[in-house]
Amino acid sequence: MRFDVHIIGGGLAGSEAAWQLAEAGARVRLSEMRGGGDTTPAHETDRLAEMVCSNSFRSDDAEHNAVGLLHQEMRDLRSLVMRAADQHRVPAGSALAVDREAFAAEVTRAVDQHPNITIVRERVDALPDHPTIIATGPLTGPGLAQAIAAETGEGALAFFDAIAPIVHRDSVDMDVAWMAARWDKGGKDYINCPLDKPQYDDFVAALIDGEKMPFHDWEKDTPYFEGCMPIEVMAERGQETLRYGPMKGVGLDNPRTGRWPYAVVQLRQDNKLGTLWNMVGFQTKLKHGEQVRIFRTIPSLENAEFARLGGIHRNSFINSPRLLDRELRLKSKPCIRFAGQITGCEGYVESAAVGLVAARFAAAELSGRQLPPPPPETALGALLGHITGGADAETFQPMNVNFGLMPPPPGRARKADRKKAYTESARASFADWLAMLTEREPA
Ligand SMILES: Cc1cc2nc3c(=O)[nH]c(=O)nc-3n(C[C@H](O)[C@H](O)[C@H](O)COP(=O)(O)OP(=O)(O)OC[C@H]3O[C@@H](n4cnc5c(N)ncnc54)[C@H](O)[C@@H]3O)c2cc1C
């Protein structure tokens, strides 16, 4: 079959992208290496859209949760992944969990039977010169990874993430923390959270005792790069190691005491909006519950809300804010788009969502139109905006969808109503955007 768009990778993103393009009338070649003699260390079947770990799409609450809102927006855009998930959901309270076998079987069936899609069980090792969407995920085959690295230049494709937790700015107690840069150099760019000696000693002990996530067998050779060592590994090296590393207090006058703190945790702005701040040097393998418990013992972070918790995994992802344009095209080779986790989004739902929007951009381009991006107030627009420019390229690490990626809604909502204010503003913007799309491309 001749095709209009080549999609490489039949995971969550590639399957959704193939479906969206095919439904828009484009002919798709979908290359998936599983079932053709290759596999990844995490996949166990040759089905499309295999969920490699948990069977959950997380919260399905579209009123109070950003990922629930993303579910709804995807449903409104006739997502195959969401349709199959809804069809095969299993009881999980307010979460959307699915029967993974039936879910993947349904996605495979739908894609396989679509007259506009040809699935080819093959591994691709080079960047094509025709219109392509690369959706090869966190475990991209090594040949293709090499080709991407060669095209994008040194350091632009990571093979491991080293994620430090990210805190919502408005949950930091600024009566305790203060803004400053070390030695007053440059602007007052960091939030500084001070610890005295007993607090520091307890904190180091908690890091050492805290429960850690094990590496998978195939991740055991994960390198700890200089400057990306897990915080608990540094703590194990000696009582003072952190105080001479990311927690050093020198050069930081605390305006409330007039002295340097014994130790400090610094937060640095992580997105253009200034709503999200990362804990500098705090990449960690501590279990998520332990991170929340231990990091909330830091003065000024007692009520911290975390937009993302830390982690270290094998994960191929490109520096999207630097490499991609607003339509997910590779700036240096615009016939190539990227979608899914390889763009630096994180999670099944986010990956499928980025596959969906990449395909919508590609479909519009094929028909000579331009698709206005989803508005930044929406979950889809916020996620897309983050990976294509809202995030700081220097510190770019994978990100889940969360309210901190969206501009705060106008007016002052009480804390209890804030999430609803975000979703109401998102729904209104999304409805306008969808109406405009439908006007341009009647179904
Ligand atoms: C061990 C592990 C556990 C995870 N657990 C979770 C979890 O619990 N919840 C969650 O939300 N997310 C989890 N993730 C992240 C998860 O992988 C992504 O959320 C999601 O699968 C990404 O979708 P994707 O389509 O981008 O990639 P994938 O779903 O991985 O799909 C990529 C596809 O590309 C194919 N491929 C790769 N290279 C080539 C090539 N060169 N040629 C042809 N085909 C190729 C692969 O075989 C695969 O089918 C986990 C990831 C890993 C690695």
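Select α1 (12-23) and α10 (348-366): each gives at least two residues to the shell around the ligand. Helices here are DSSP runs of H or I, at least four residues, and strands are runs of E, at least two, numbered from the N terminus. A quick caution: this is a predicted model, where local features need pLDDT of at least 70, side-chain atom pairs count only at pLDDT 80 or more, and totals for chains, interfaces and linings use all residues. Numbering starts from 1 along each chain as its sequence is written, and side-chain values use heavy atoms, with hydrogens and water left out.

Now show the 33 residues around the ligand; A13, E32, Q341, G347 and Y348 come nearest. (To be near, a residue needs a heavy atom within 4 Å.)

A backbone N or O atom of L12 sits 3.1 Å from one, and a backbone N or O atom of S54 sits 3.2 Å from one. For G347, a polar backbone atom is 3.1 Å from a ligand oxygen. Alone, the ligand exposes 970 Å², and the protein buries 92% of that (Shrake-Rupley areas, 1.4 Å probe).

Move on to the open sheet: six strands, antiparallel, ordered β10-β11-β12-β13-β9-β14. Pairing takes at least two DSSP bridges. At the edges, β10 (178-180) and β14 (306-308) each pair on one side only.

Finally, zoom in on β11 (190-195) and β12 (263-269), an antiparallel pair with six bridges. Click L195 and you'll find its bridge partner in β12, A263.

Notes
Polar contact = N/O pair within 3.5 Å; in protein donor to acceptor, adjacent residues only side chain to side chain.
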